[in-house]
Amino acid sequence: MERKRRIAILGSTGSIGRQTLDVVREHRDLFEVELLVCRSSWELMASQAREFDVNNVVISDENHYKELNEALEGTDTKVFAGMKSACDLVAAEDVDIVVASMVGFSGLAPTIAAIKAHKIIALANKETLVAAGSIVTSLAEKNGVPLLPVDSEHSAIFQCLLCAQGNKVEKLHLTASGGPFRTWDKESIAAATKDSALNHPNWSMGAKITIDSATMMNKGFEIIEAKWLFGMPMDKINVVVHPESIVHSMVEYEDGAVIAQLASPDMREPIQFALGFPERHSLSNRKLDFAAVGKLTFWEPDIDKFPALGLARRSMERGGNIPCVLNAANEIAVAAYLEDRIPFYGISDIAGECIEEFGIIREPSIEDIFTTDREARELARGKVESISKKA
């Protein structure tokens, strides 16, 4: 790289945001941080801004603007509030690459603003493509913007596809850890507490993403994301449970050859690959010791125990705005589960009912997507209330 890449991080205080800053710490000669955005964790973001001498920060929850502004008095950092500010600042000339790592639907608007401003997108927000995949990918193509995947599975597929050399791809194989309940029976899963669901065996992630892993909704979302990122039909995207989380995903070619990407479970590797692409750089992560790994295991996911996988495919069958409904209903249901208002399987029950009941818009505009998100959340909240009253 001829000069430092200037980075904006949407969701700097979340798991991906913090690990992105770990990468920058290792390679201050390659990267600098121009903009940080977070929802409400103003204290941590103030500390990040000081450490990395960040020019601009945005707190999307405007109630914390005063506290953040006071915390950064005496620095050169300019403080803003609200998502409109985030959308304006990602489009600034002094931003080269945007790490889209805000959790949930909230990441869609600033990601679209960055695409329209021709920024490179390091995409870690599944919900952006789940809710508006056709719109986002078409907009990226129109603006000549690369969508560089940061999810470990999609980064793995992206890396494997670099070996394609124009040859036909037969199938994509997404690996799944299986989450904390991969060996539990259905009755035990039904009674699972949030503490159990948050105890992921392999990865350290935020609460919402960890629950999505426990339900395997995250893997359902990744199927949809892979469809849009790589232009593959849904029936050519397979999921296989791989509890060691060493093989991050695989690409199968028409001659039966399969190319896999392997690494220790550490999100800094795909983050750094996206930030530095096409170059690779040194990283102080744990390197694979194949003798210590010993064996790698794989098995089919159990759709009966993890119905969210089927819901993702069903939402794409219905098409149009329905994947957006799935995402919105899931966000509401996961929040309710974390508040002990619904049981574990209430998450998939609510999401499933919403995608069947909601009206389809076959070719939604971006305005339709935002309206769908708002109305689907209301529908899901009503279902949460109904379950809560029965309990």
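Figure 1. Ser249 stands opposite Gln261 in strand 11. This is a predicted model, in which local features need pLDDT of at least 70 and side-chain atom pairs count only at pLDDT 80 or more, while totals for chains, interfaces and linings use all residues. Residues are numbered from 1 along each chain as its sequence is written, and side-chain values use heavy atoms, with hydrogens and water left out. Strand 10 pairs with strand 11 (residues 258–262) in the antiparallel sense, over 5 bridges; two strands pair if DSSP finds at least two bridges between them. Helices (H or I, at least four residues) and strands (E, at least two) are DSSP runs, numbered from the N terminus. Between the two strands of this hairpin sit 4 residues, and Gly256 takes a positive phi near 95 degrees.

**Figure 2. Strand 10 and its partner strand 8.** Turn now to strand 8 (residues 169–176), which runs antiparallel to strand 10 and is joined to it by 5 bridges. Here Lys171 has Glu252 of strand 10 as its bridge partner. How many of the 7 residues of strand 10 are buried? The count is 6, so strand 10 (residues 247–253) is largely enclosed by the rest of the structure. Buried means under 20% relative accessible area, exposed means over 50%, and partly exposed lies in between (1.4 Å probe, protein chains only).

**Figure 3. A β-α-β crossover around helix 3.** Strand 3 (residues 56–59) and strand 4 (residues 78–81) are paired in the parallel sense through 4 bridges. Val57 finds its bridge partner in Val79 of strand 4. From strand 3 the chain crosses through helix 3 (residues 65–71) to strand 4, in a β-α-β crossover that is right-handed. The term right-handed applies if, with the strands pointing away from the viewer, the path from the first strand over the helix to the second runs clockwise.

**Figure 4. Side chains of helix 3.** A salt bridge is a side-chain nitrogen of Lys or Arg within 4 Å of a carboxyl oxygen of Asp or Glu. Glu70 and Lys66 are 4 residues apart in helix 3, a separation of about one helical turn. Lys66 is exposed at 57% relative accessible area, and Glu70 is partly exposed at 43%. Glu67 also belongs to helix 3 and is partly exposed, with 33% relative accessibility. Although Glu67 and Ala46 are 21 residues apart in sequence, their C-alpha atoms are 9.6 Å apart in space.

Figure 5. Lys208 and Asp212 meet through their side chains in a salt bridge of 2.6 Å, N to O. Both belong to helix 10 (residues 207–215), where they are 4 residues apart and separated by about one helical turn. Lys208 is buried at 14% relative accessibility, and Asp212 is buried at 3% relative accessible area.

Figure 6. Lys383 and Glu353 form a salt bridge, with 3.2 Å between the closest N and O atoms. Lys383 lies in helix 17 (residues 366–390) and Glu353 in helix 16 (residues 344–357), so this pair ties together parts that are 30 residues apart in sequence. Lys383 is buried, with a relative accessible area of 14%, whereas Glu353 is partly exposed at 37%. Elsewhere, salt bridges that share partners link Lys126, Asp151, Glu153, Lys219 and Glu222 into one network. By the salt-bridge rule, the count comes to 28.

**Figure 7. A nonpolar surface patch.** Four residues, Leu262, Phe290, Leu296 and Phe298, make up a nonpolar patch on the surface, with about 360 Å² of accessible area together. Patches are made of residues with over 30% relative accessible area and no salt bridge, where like charges are joined within 9 Å and nonpolar side chains (Val, Leu, Ile, Met, Phe, Trp, Tyr) within 5 Å. Accessible areas come from the Shrake-Rupley method with a 1.4 Å probe, and for residues only the protein chains shown count as cover. Phe298 sits in the loop between helix 13 (290–293) and helix 14 (308–318), and is partly exposed, with 38% relative accessible area.
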